[in-house]
Amino acid sequence: VLGLPVPSDGFPPRQNIPGGPARPAATVHGYPRQGPRRELKKAVERYWSGRLTADALRDVCAALRRDVWRELADAGVREVPSGDFSLYDHVLDTLVMTGAVPHRHRAAVEADALDGYFAMARGTQEAPPLEMTKWFDTNYHYLVPELGPDTVFRTDSGKPVGEYTEARALGHDARPVLVGPVTFLLLAKPAPGADPDFEPLTLLDRLLPVYAEVLADLRAAGAGWVQLDEPALVQDQPPAVLNAAARAYRELGALADRPRLLVASYFDRLGDALPVLAQSPVEGLALDFTGPAAANLDALAANGGLPGKRLVAGVVDGRNVWINDLERSLSTLATLLGLAGRVDVAASCSLLHVPLDASVERDVDPQVARWLAFARQKTAEVVTLAHGLGAGADAIAPQLAANRAARASRSGSALTRDPAVRARSAAVTPADAARTQPYAERAAAQRARLRLPLLPTTTIGSFPQTAALRTARADLRAGRIDRAAYDARMSAEIRDVIAFQEDAGLDVLVHGEPERNDMVQYFAEQLTGYLATRHGWVQSYGTRYVRPPILAGDVSRPEPMTLRWTRYAQSLTGRPVKGMLTGPVTMLAWSFVRDDQPLADTARQVALALRDEVADLEDAGTAVIQVDEPALRESLPLREADRGAYLEWATEAFRLTTGGVRADTQIHTHMCYAEFGEILSAIESLDADVISLEAARSHMRVAEELADADYPREVGPGVYDIHSPRVPDQGELVALLYTGLRALPADRLWANPDCGLKTRTWPEVRESLRHLTQAAREVRAKL
Ligand code: GLN
Ligand code: ZN
């Protein structure tokens, strides 16, 4: 397959590139924005606190862009992206480009563009920020544009043109990258005051002239190609959306003076949108060929390819942290050569979703480090593949050999293959993933053991993570205190948390999670198979970066993880203390996962490790165990067709975690949201005895929906909104409990907050929880 002749692409020679069109180019859709030492985060935060001027902030940003372009060019990327940089969020940048500033922020934006930009992102005393939500199925969050029937668009091509011009002045052949018009509208929500059923996509005809103008401005500045990102088209879209996409690209394609257009999709396959884009008059498509998007390959062949068009082939996974299988990618690329006028090589999506550089991870075992590829390493892979595609596999023989050896060391490693873990996983039977008794019997046994009042009160797990707790952790890390001193501080905190809960009259207590830095990292640090990075930051939103752990190998639990703290907490009180674990799906969702085995297999291994923890807790006398799965819904595959299989293994993993307990051990689960419509039957099949959900902001609608669906088990719809510093008064909590009681019988309703209390302060928590127990008592007395 390798070494096929490279067809001439039928395009006029690329500007600035001597040697003409024959060589496939390497490119990327975007690159980490933060800088090697998170310079962007630091500069923006210093600007916010008044310690950096706007000009100085602009200088930092320009230097970061300059360094990225130079780094990419030095690595051999011939067409660098521009405009992918962002001070906060690329969807917010697109909103600015279209002039669709919400009413409430207009004054701020007019007074000062930069401060107005941050006002939309973070809110001000007078005007709340834009809502934030997940960018497709990644852990990046974007700001949601608000559009209504009277939205007026106004072109502001300052950023795209400015950054393109900057790259060009530095001598780069840059390709401006913009969020495409269809995706921009599909990501928006109805503006406050507009009809809640208003569909922003109906604004397409008004929006297209903005894009036309931006394209003309970019063309005038010298841009040869412009990339329009349309990831929304990899979701199941109705004909109306596909028609809108067809219209958008027909119209933009028909513009007289414009750059060549590259429409990019990523995160999944294009499906029905593929022929729509293939038949549009754009000059190129960028497609993802990794994971479920690998189906793009057959679809492309079945559709007759992209004759005369440019294909930017995303064969290097832009979302995981693993080295590519270069031979397999090269063979995919060779197939693609026959399907398009010209083939270039890229990562599947922006490299924004991976950390910058694996080579700075000095703590990772060198044996393992050679399997890792972050943004820099992925860029090098893309360059190697482009070279191999153009010059033949022989030209990259050393890289192929090194890649083969690294992959072999991975598949043969004791870390990735622990025979004991594999044997145990293979021996799992359906019975392991099922409680022995039906719910009704369990409920009776639990009632007899726990003797809880009606409307039992509890919390979701964490109590305030105070500065003192964080300092203790930092002190331990820096060696300023030893483990014993640290443990003593945690024990003291647990004593306080238990004493407070007894005093406030809560029925099912928690230890408060003071020892947890993060609900995933805490467990990842204690499980075999997980790696931690020191510098592996990725942007979560704005200036918030996270360092997700890496699931690298087979998972096992060498020692109990939570037992001693739960046991200690229980020793302080006669009331039941809830054991508290993070569920297997969430342990995967907020980590980088393996790409060398199905997710279902990894989930099962994590579940078995957690199952041991559950068993230890139960043996120690823990009568109530909560397994949090806030990520169950967000991990849903983008395409409906893939969801059944996902929910199957995801719920099995939960049941495998919890299925081994006795009838009188009560299993709780927790999810942080109220919109569970499409996963309702999955929630049922978790078979948890009690579920707590978000409800305060939606006025207990969850309770009604669960009742309508005949949900048979106990429910704790959160009555106290922990996302706000506001202390709810007893009266409103009573009212919410009555709303809950109209939907659910009194013996199946719990009284609890929406979520964990770690982000709140003690004064708020003290007062709120006292109101909660008083409200429950007041309602109980009248039942
Ligand atoms: N038990 C966790 C806590 O209370 C749950 C957090 C979550 O749902 N995100 O903090
Ligand atoms: Zn939650």
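**Contacts, binding sites and helix packing in a predicted model**

S462 is in contact with G512, E513, G756, L757 and K758, leaving aside residues up to four places away in sequence. S462 sits in a loop that runs between helix 17 (439-450) and helix 18 (467-477). This residue counts as buried, because 22 C-beta neighbours lie inside 10 Å and 20 or more are needed.

S462 is also one of the residues closest to ligand 1; the others are I460, G461, P630 and G756. In total, 13 residues surround this ligand.

The UniProt record, an unreviewed entry, gives the feature "binding site" to I460, G461, S462, E513 and D628. These positions are spread over 169 residues of sequence. In space they cluster, with a largest C-alpha distance of 13.0 Å. D628 belongs to strand 18, which covers residues 624-628. D628 has 25 C-beta neighbours inside 10 Å and therefore counts as buried. Beyond four places in sequence, D628 touches M519, T582, G583, T586, T669 and H670.

For "binding site", the unreviewed UniProt entry lists H670, C672, E694 and C755. These residues span 86 residues in sequence. Yet no two of their C-alpha atoms are more than 8.9 Å apart, so they gather at one spot.

C672 lies in the loop between strand 19 and helix 25. C672 is buried, with 20 other C-beta atoms within 10 Å; the cut-off is 20 or more. Apart from neighbours within four places in sequence, its contacts are P630, E694 and C755. C755 is found in another part of the chain, in the loop between helix 27 and helix 28 (762-781). C755 is buried too, with 27 other C-beta atoms within 10 Å. Its contacts, again not counting residues up to four places away, are I460, C672, E694, G718 and I722. I460 is also among the residues closest to ligand 1.

The loop between strand 19 (666-670) and helix 25 (680-686) also holds I679. I679 counts as buried because it has 21 C-beta neighbours inside 10 Å. Its contacts, excluding residues up to four places away in sequence, are L632, R633 and L647. I679 and R643 are 36 residues apart along the chain, and their C-alpha atoms are separated by 9.6 Å.

Two helix pairs were then compared by direction. Helix 1 (residues 39-48) and helix 2 (residues 54-75) pack at an angle of about 170°, and their axes are 10 Å apart. Helix 1 is therefore roughly antiparallel to helix 2. Helix 1 contributes E39, L40, A43, V44 and Y47 to the contact, while helix 2 contributes A54, L57, V60 and L64. By class, these residues are 8 nonpolar, no polar and 1 charged.

Helix 26 (residues 701-708) and helix 27 (residues 730-743) meet at an angle of about 10°, with axes 8 Å apart. Helix 26 is therefore roughly parallel to helix 27. The contact involves A703, E704 and A707 of helix 26, together with T739, G740 and A743 of helix 27. This contact divides into 3 nonpolar, 2 polar and 1 charged residues.

Technical notes:
Residues numbered from 1 in each chain as written. Chains lettered and ligands numbered in written order. Predicted model: local features only at pLDDT ≥ 70, side-chain atom pairs only at ≥ 80, totals over all residues. Near = placed C-beta within 6 Å. UniProt positions renumbered as here; feature names shortened; annotations may be inferred. Helix = DSSP H or I, 4+ residues; strand = E, 2+ residues; numbered from the N terminus. Buried ≥ 20, exposed ≤ 12 C-beta atoms within 10 Å, placed from the backbone. Contact = placed C-beta atoms within 7 Å. Axes fitted to C-alpha atoms, helices over the stretch in contact; angles between N-to-C directions. Parallel < 35°, antiparallel > 145°, perpendicular 65-115°, else oblique. Nonpolar A, V, L, I, M, F, W, Y, C, P; charged D, E, K, R; others polar.
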